[in-house]
Amino acid sequence: MRKRGVDRLKRSIFSLISSVAVLGAALAGCGGGQPAAKPADPSQSQNQTQTQPAPAEKPKAEQVLRWNLHSEPPTGDPGLAEDTTSAAITKALFDGLTRIGPEGKPVEAVAEKIDVSPDLKTYTFTLRNSKWSNGEAVTAHDFEYAWKRALDPKTASNYAYQLYYIKNAEKANKGEGKLDDVGVKAVDDKTLKVELENPTPFFLELTAFQTYFPVNKKLIESNPNWAGDAKTHLGNGPFKMGVWDHKSKLVLVKNDQYWDKDSVKLDKINFSMVEDENTELSMYENGEIDWAGSPLSSLPTDAMPALKDSGKLQVKPVGATYWYKFNTEKPPFNNIKIRKAFAYSINRQILIDNVLQANQQPAMAAVPPTMALNQGGYFKDNDQETAKKLLDEGLKELGMSKLPPITLVYNTSDGHKKIAEAIQDQWRKNLGAEVKLENQEWKVYLETMHEGNYQVGRLGWSGDFNDPINFLELFKDKNGGNNDTRWENPKFKELLNQSATEGDPEKRKAILGEAEKIMMDEMPIMPIYFYTHTWVKNAKVKGVFQDGLGAIDWKWASIE
């Protein structure tokens, strides 16, 4: 087995994040065996003393992983990537200062040395010699530019808030301060100095996240459409873009300029883009792809029993929550009691047992069990009595005699459709609600949600790092990039701000628990279940790494 070749962070650095539990199992990739020796030629005499030429080695078979993306990535730009598909692709195409390694912890990547000040607020990253896929050097200036670009309001990055841990970053993004005052500075080509607002124990996880990846200033300023074309895309990661036929296929090839290229076994990853889960499973069973299902697609719910019985199904609980969002500015969901009535009236366990069938856990909270603030949740599943009472009270407050027609939107997926149909039926039976279902293609769907052109819509949230703040900060600001609900609560915001300066882990957890309680009391989202990832794969595929939050990395993958 080839050594992975990834440096571990110094023990002193890991001590800073010891309070943060990071889940993940190591899947080490192994290369193929040595080529077999060429058989001896029987026509040659055993007594012949003439030196024979060395046997020719068989050409090494190309390692190609075949995968289905389900939906086309909305972008190949890490500063704009906000969904799991774009995140997975940009992680293959880029490398940050750190990377989540096969043990599930951040390891040094483009940074070869990390120094932290005694007050834990200043990080100095010393960069190794690394290159863009075109052979140009990656410098500290590329990181400074990338972070400030994401924070620039003109960029309209929905993930800009992920940089708010940096000094003056939030002010700059909200137009209340200057980008020049943001606490990130390239001291020279090899040194990046970062000042934080407060000690942030998970900061080295954040530097492995796509919004913190570098981008090439010269390319971006010369070509605004660089990220959507394989001919112009430029990254610094394990792979580079070979082909992108939009809505058809995407091909990534090994990046021979990558600093850790010896750890990369795959020569190529071929992605198809088939939305239908039944077709995807058939492609897998016919040997056309090597993997079907999570984390970038889903398995057909009808196929779950047979896949379980066959022993082929692989299941992994992950730190992620499936929820419906309410548009709190559109009637009737501008009323708290109506939102709670809809949330209380569904039977999550029946949904899991009869539709999902993959050992999910009913969600009565926003934060998943791996980092739960309240293990028991904040309300009861299938609480019909309370739901009906709240519905009556809410309608009176709105001056309505009955519910108006409701539209529930979801992105195209057989699984999302069946969940929506089951919930539609429950809402009709339990609340008398007439609900119309509407599906949209993924990229269009994201725009619909962000623009607020919906009443109820589905989204899931996979943690970006292993801390409950990541599930709560989404809803801190009414116009936050990933909020969509238009909900905002002053006390909720105050508690999140307070948690940022609280050094005692238990006190901080209590503060965040109080914040989550406020959110569940006002119900801008309706938690439905906590995710499990389910998939089937070719036994020859090794080393595909999925961390405890569900993120995927092909850097160490191989085909036996």
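This is a predicted model: local features need pLDDT of at least 70, side-chain atom pairs count only at pLDDT 80 or more; totals for chains, interfaces and linings use all residues.
Local features were considered at pLDDT of at least 70 and side-chain atom pairs at pLDDT 80 or more, whereas totals for chains, interfaces and linings use all residues. Residues are numbered from 1 along each chain as its sequence is written, and side-chain values use heavy atoms, with hydrogens and water left out.

The secondary structure of the protein chain comprises 16 helices and 21 strands, these being DSSP runs numbered from the N terminus (helices, H or I, at least four residues; strands, E, at least two). Of the 560 residues in the protein chain, 56% are buried, where buried denotes under 20% relative accessible area, exposed over 50% and partly exposed in between, for a 1.4 Å probe and protein chains only. Among contacts (heavy atoms within 4.5 Å) with a separation of 6 or more, 71% in the protein chain are made by residues 24 or more positions apart.

Because tryptophan 67 belongs to strand β1 (residues 64-68) and tryptophan 291 to strand β11 (residues 291-293), the pair ties together parts that are 224 residues apart in sequence; both tryptophan 67 and tryptophan 291 are buried. Elsewhere, ring pairs link Tyr322, Tyr324, Phe326, Phe333, Phe342, Trp427, Tyr529 and Tyr531 into a cluster.

Helix α9 (residues 336-344) packs against helix α11 (residues 384-398) at an angle of about 155°, with their axes 8 Å apart; axes are lines fitted to C-alpha atoms, for helices over the stretch in contact, and angles run from 0 to 180 degrees between N-to-C directions. The two helices α9 and α11 are therefore roughly antiparallel, a class for angles over 145 degrees, with under 35 counted as roughly parallel, 65 to 115 as roughly perpendicular and the rest as oblique. The residues of α9 that meet α11 include Lys337, Ile338 and Tyr344.

Arginine 348 is located in helix α10 (residues 348-356) and counts as buried, at 0% relative accessibility. Beyond its neighbours within four places in sequence, arginine 348 is in contact with residues including Ala343, Phe379, Asp381 and Met526.

Note on methods: Rings of Phe, Tyr and Trp (its six-membered ring) pair if their centres lie within 6.5 Å; planes under 30 degrees apart count as stacked, over 60 as edge-to-face and the rest as tilted.
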